[in-house]
Amino acid sequence: MALLELDEVSSGYGYGPDILNGVSLSVESGKAYCIIGPNGAGKSTILKTVAGLLRPRKGEILLDGKPIGGMRPDLVLGAGICFVPQDRSLFPEMSVRENLVMGAFLEPDRKVVSERMAQVFEMFPLLEERVNQHAGTLSGGEQQMLALGRALMIKPRMMMIDEPSLGLAPQIADQIFDIIRRLIQLDMTLLLVEQNVVRGLASTEWSFLLDLGVLRLEAPSDQILDDPAIRELYLGRQREATQEVDIGEQS
Amino acid sequence: MTKVDKADPAATPTRPMTETTSSRSGRVVVIVLTLLLALLPLARPLIGQPHNYVLQIGMVGLMWVALASSWNLIGGFTGYISLGHNVFYGIGGYASGLILLYFGLSPLLTFPIAGLIAVVFGFLVGLITLRTRGPAFIISTIALLLMVGLLFDNWEFAGGSNGLSLPLPPFSLENVKIPFYYAMLVIAIGSVYFGYRVAHSKFGLALRAIAQDEIKAEVAGIDTRRMKIAAFSLSAFWVGAAGAIWGYSLTYLRPSIFFTIAIAAEMVLMSIIGGRGTVAGPVVGAVLLVALNEVSVSQFGSNELNIVVTGVIMLIVLMFFPMGVVGTLRERGHLPGFLDWD
Amino acid sequence: MTHIIQVAILGLLLGGVYALMASGLTLMFGVMRIVNLAHGVFIIAASYLAFFLFTGPGWDPFLSLVVTMPVFFLLGLLVYRMFFPRIEESPRFGEMTVLLTFALALIVEGLLSYFFTGTFRSTSPSYATEAFLIGDLFIPKAQLYASITSLILLFALWGFLYFTRTGYAVRATMQNRTAAQIVGVNVRRISTLSFGIGMALAGASGSLISFLFPFFPNSHWRWIAILLSLIVLGGLGSLKGAIVGALFLAVAAAFVSDQFGPTWSPMTFFGALFLILLIRPRGLFGEKARVG
């Protein structure tokens, strides 16, 4: 059975129009998925809706077969889904350590929290160096590392990461993706949104192509990468209001 | 976003001025009502003894129409809540009163000057206070009201907290209400018509854009600061004018007449009840509240519970009918033509 | 010279109490973006409670803290639950909180007026007219005790915010509401709690000012205008700013009062407000232009 299932989910912001128009997809445990598509397609909206920051207007979201649509974000986290937003959403006036501790907010056992923090430092030695620095003063790459590290503090069953390489220089983005690959090797279930299609497809097994709130295509990541016709059709097309997604270039 | 934000009270779109049958008949109703209002003072033989009382109520009602309508310019169209707008009320009142005392000119003539003085004051204040958005601005309006009230309380030239006595208007006791009534009628019509013109202008469009999303408006190239200051200053004009006439009608000026929060609350409440951001809203709200007030005072007497009632009504409207009468009716498609002035 | 120190001390003592009053207001804004115009009227309501405990069973106003704080805490939970979750989704949330709390303030003021009339009240414990004499300095007992109590309460607040799990959750919510949600904080519960705490601080303030300033129902407008000016100066949402603003302005007001008379003391706050709007609209410790 799939870990996470979306069934004809529609949602939007405030009283505005539907951004997602009946999206159905499923995520299996232990695998890594990427959502790609043009700007405004609704990629972030999917993650936010699953995370509980948005309420689905139609359709169902199931975790292990149990409905979680419309659940409060803290309860969604409690069920094991961790969300790393596009803006990283750190606590700017708290230190690296405090941010990490907050990541484990739902973990009652202090010893476990310390252990996890040690593990996170092992994965991100740079964070250990800056342990007492305020999160607001970290560089872009460090903030992303902290965001990922914080997400790991709760040992989630599934991680949703929204545009991990956004705003990062290519070398730093590479580092981040190395970490993501490590997570995948450790059997973390991952749902990624990535604007840089090459990175996104190269790091994951399966991909969803979203456009205008609708799922247009889902296929193994390497098929999309290798199939020039599909690339041309869905990714090379000119779009009026959105940026052209050009393979090999980070938008 | 093509769909208009329904729950957003300030989002009423500007309609093109095309004539529909309902709006034409609506226009007729408005003209007839205005004529009736204009003829009211001459109807003494019809009304008889309560005539002066009727004129007084009429004058008060018209005054609140002007006040609420003006407030709506900054609080409704632009979405910047001013909780101390009656600071202009007092400034206008004192301005005309002092002019009367020192130059002998009647406020019935000088009220436009009072309005202008209020505008200048509003402009200067707006330069400072409209540098911020949201909460800081609102706070500054309360502080301004209390500050000016405090200043007038201690300004010996203006009579301090005891105030000033004004010479009696040169009319017979029987007819004295009539010129005041007409002055307020002019002010009320001026205020509402001004709001109407703004609503149908590019200026009004800019203001609504600011109300919807100020950042987007700025990005779209609107000089939001200038627009806001303009709206704030202009909204002071009819308020100041109304204050001038009111002060004269009382024949004395005292800070406590003008600078109380209760008056600010009424102005805000009327626009909200009627429908913030619409042209007809404040008029409806003013009429409703003045009527309600008359009824409640005659039944229960004037006491502290009035302000409780004001608060309760405001609470109910805010929580359940945030679009006000006009806004809610429009949303449900039941807005009668004669109230559709947007 | 002694005179200057004297005035400054009087200012500082009052500043402590102002800081307490402003802290509740800041907490509400910081956590929930609520501009609570009713904060002043709840402080006054607490003063009335302290007054009746004083004139009735003869409770010292400091003792009344034991009643006012829990009562207003619970009242805060109730008020929050009744009104605020409903408008949470509103597109004009900031304004709505202003108008809603404005309406609340009118209602409470009207009720206080109706039941207790407009007579000036104050509690008058013995220390209200006594003072310590240290060298040439005259230290009024009432202000001193109130200030010390305020400091203790602020210290307790600090301890709560920086040393407890819930306190961390409150600070997290203040810094980034979304982030708090995604790390597992129940922000609805935290908001309710924060409102309760803010009201408890209002309750405490009410007890303390009951013997410092004679009050009547309408006095809350003066207070709310002063407190709001103060937190705009300090920077909306910054507790540190509120405390610094309070101390600074209270000392300034003391000097103004000394030079020009006590009627002008409120002007210090209003003047400071307009000054800060002119030169640094975000306040001393505030963040850059936040959309209201």
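What follows is a short talk about helix packing and chain interfaces in this model.

Modeller: Happy to! Keep in mind that this is a predicted model.

Colleague: Which residues make the contact of helix 3 of chain B with helix 13 of chain B?

Modeller: On the helix 3 side they include B:Tyr53, B:Ile57, B:Trp64 and B:Asn72, and among their partners in helix 13 of chain B are B:Pro282, B:Val287 and B:Glu294. By class, this contact holds 11 nonpolar, 3 polar and 1 charged residues.

Colleague: And what makes helix 3 of chain B roughly perpendicular to helix 12 of chain B?

Modeller: Here the angle is about 75 degrees, with the axes 8 Å apart. The range for roughly perpendicular is 65 to 115, so helix 3 of chain B and helix 12 of chain B get that label. In their contact, B:Trp64, B:Leu67, B:Ala68, B:Trp71 and B:Asn72 of helix 3 meet residues of helix 12 including B:Ile263, B:Met267 and B:Ser271. The classes there are 8 nonpolar, 2 polar and 1 charged.

Colleague: On to the chains. How do you know that B:Arg276 and C:Glu95 form a salt bridge?

Modeller: The N to O distance between their side chains is 2.9 Å. The rule asks for a side-chain nitrogen of Lys or Arg within 4 Å of a carboxyl oxygen of Asp or Glu, so the pair B:Arg276 and C:Glu95 qualifies. The count between chain B and chain C is 1 salt bridge.

Colleague: What else describes the interface of chain B and chain C?

Modeller: About 4,100 Å² is buried between chain B and chain C, with 84% of it on carbon and sulfur atoms. The contact joins 47 residues of chain B to 45 residues of chain C.

Colleague: How many salt bridges does the rule find between chain C and chain A?

Modeller: The rule finds 0 there. Chain C gives 19 residues to that contact and chain A gives 20. The buried area is about 1,900 Å², 62% of it from carbon and sulfur atoms. Of the area that chain C buries against chain A, C:Gln175, C:Ile182 and C:Val183 supply 35%, more than any other three residues.

Notes: Residues numbered from 1 in each chain as written. Chains lettered and ligands numbered in written order. Predicted model: local features only at pLDDT ≥ 70, side-chain atom pairs only at ≥ 80, totals over all residues. Heavy atoms only, no water. Contact = heavy atoms within 4.5 Å. Helix = DSSP H or I, 4+ residues; strand = E, 2+ residues; numbered from the N terminus. Nonpolar A, V, L, I, M, F, W, Y, C, P; charged D, E, K, R; others polar. Buried area = accessible area lost by both parts, 1.4 Å probe. Axes fitted to C-alpha atoms, helices over the stretch in contact; angles between N-to-C directions. Parallel < 35°, antiparallel > 145°, perpendicular 65-115°, else oblique.
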